[in-house]
Amino acid sequence: MKQELIEVYEKTIPVENTNLIPLNFVCEYFGLNYERQYKNIDNDDSFSEDFRKVSNFDVFNDNRQRGHLTKKGFIKWILQLNPTYINELLQPTFKEYQN
């Protein structure tokens, strides 16, 4: 399980820039709706200092603005997600990811 979690982390958190974590990598991996999560976070005042709309050329090779979370915001967001929204096959991995 530890190796699996390392692989999940590597697929969801780019190593080029760990100051801001792109929201869409985690959403894509776990099958979450990126637009919905983006709107929820953007409308939640508790994320006002932890959510940024920036382009990340190093990761995406373009200048399109995407939702990014700070490390603190990422932890807050990932812990509040309900595992039942995740694909049933990925739920055990997601629960470990949250831990």
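**Figure 1. Lining of the largest pocket in the predicted model.** In this predicted model, helix α3 provides the largest share of the lining of the largest pocket, namely four residues. Helix α3 spans residues 34-43 and helix α5 spans residues 71-80, and each of these two helices supplies at least two residues of that lining. The lining is made up of 14 residues, and those lying nearest the centre of the pocket are R36, Q37, N40, L81 and Y85. The volume of this largest pocket is about 220 Å³. In general terms, rolling a probe the size of a water molecule over the atoms shows where empty space is left.

Figure 2. The side chain of N33 reaches two backbone nitrogens, that of E35 at 3.0 Å and that of R36 at 2.9 Å.

Figure 3. Strand β3, which covers residues 66-70, is mostly covered, with five of its five residues buried. R66, H68 and T70 point one way from the strand, whereas G67 and L69 point the other way, and all of them are buried. This arrangement can be read against a general rule, namely that in a regular strand the side chains alternate between the two faces of the sheet. Strand β1 (residues 20-22) runs antiparallel to β3 and is joined to it by three bridges, and within this pair L20 stands opposite T70 of β3. Strand β2 (residues 51-54) also runs antiparallel to β3, to which four bridges join it, and here F51 has L69 of β3 as its bridge partner.

**Figure 4. Helix α6 and the residue Q91.** Q91 belongs to helix α6, which comprises residues 91-98. Q91 counts as buried because its relative accessible area of 18% is under the 20% limit. Its side chain reaches the backbone oxygen of P83 at 3.3 Å, and, when residues up to four places away in sequence are not counted, Q91 touches P83, T84 and I86. The buried residues of α6 are Q91, T93, F94, Y97 and Q98. Seen down the axis of the helix, these buried residues fall within an arc of 155 degrees, so they line one face of α6.

**Figure 5. The whole chain, as context for the close-up views.** The protein chain contains six helices and three strands, and from the N terminus on its elements follow the order α-β-α-α-β-α-β-α-α. Of its 99 residues, 39% count as buried. Among the contacts between residues at least 6 apart in sequence, 52% join residues that are at least 24 apart.

Terms used. Residues numbered from 1 in each chain as written. Predicted model: local features only at pLDDT ≥ 70, side-chain atom pairs only at ≥ 80, totals over all residues. Heavy atoms only, no water. Buried < 20%, exposed > 50% of the residue type's maximum accessible area, 1.4 Å probe, protein only. Polar contact = N/O pair within 3.5 Å; in protein donor to acceptor, adjacent residues only side chain to side chain. Contact = heavy atoms within 4.5 Å. Arc of directions from axis to C-beta. Pairing = 2+ DSSP bridges. 1 Å grid on protein atoms, 1.4 Å probe; cavity = no way out; pocket = protein on both sides within 12 Å on 5 of 7 lines; lining within 4 Å. Points joined across faces, edges and corners; volume = space filled by probe spheres on them.
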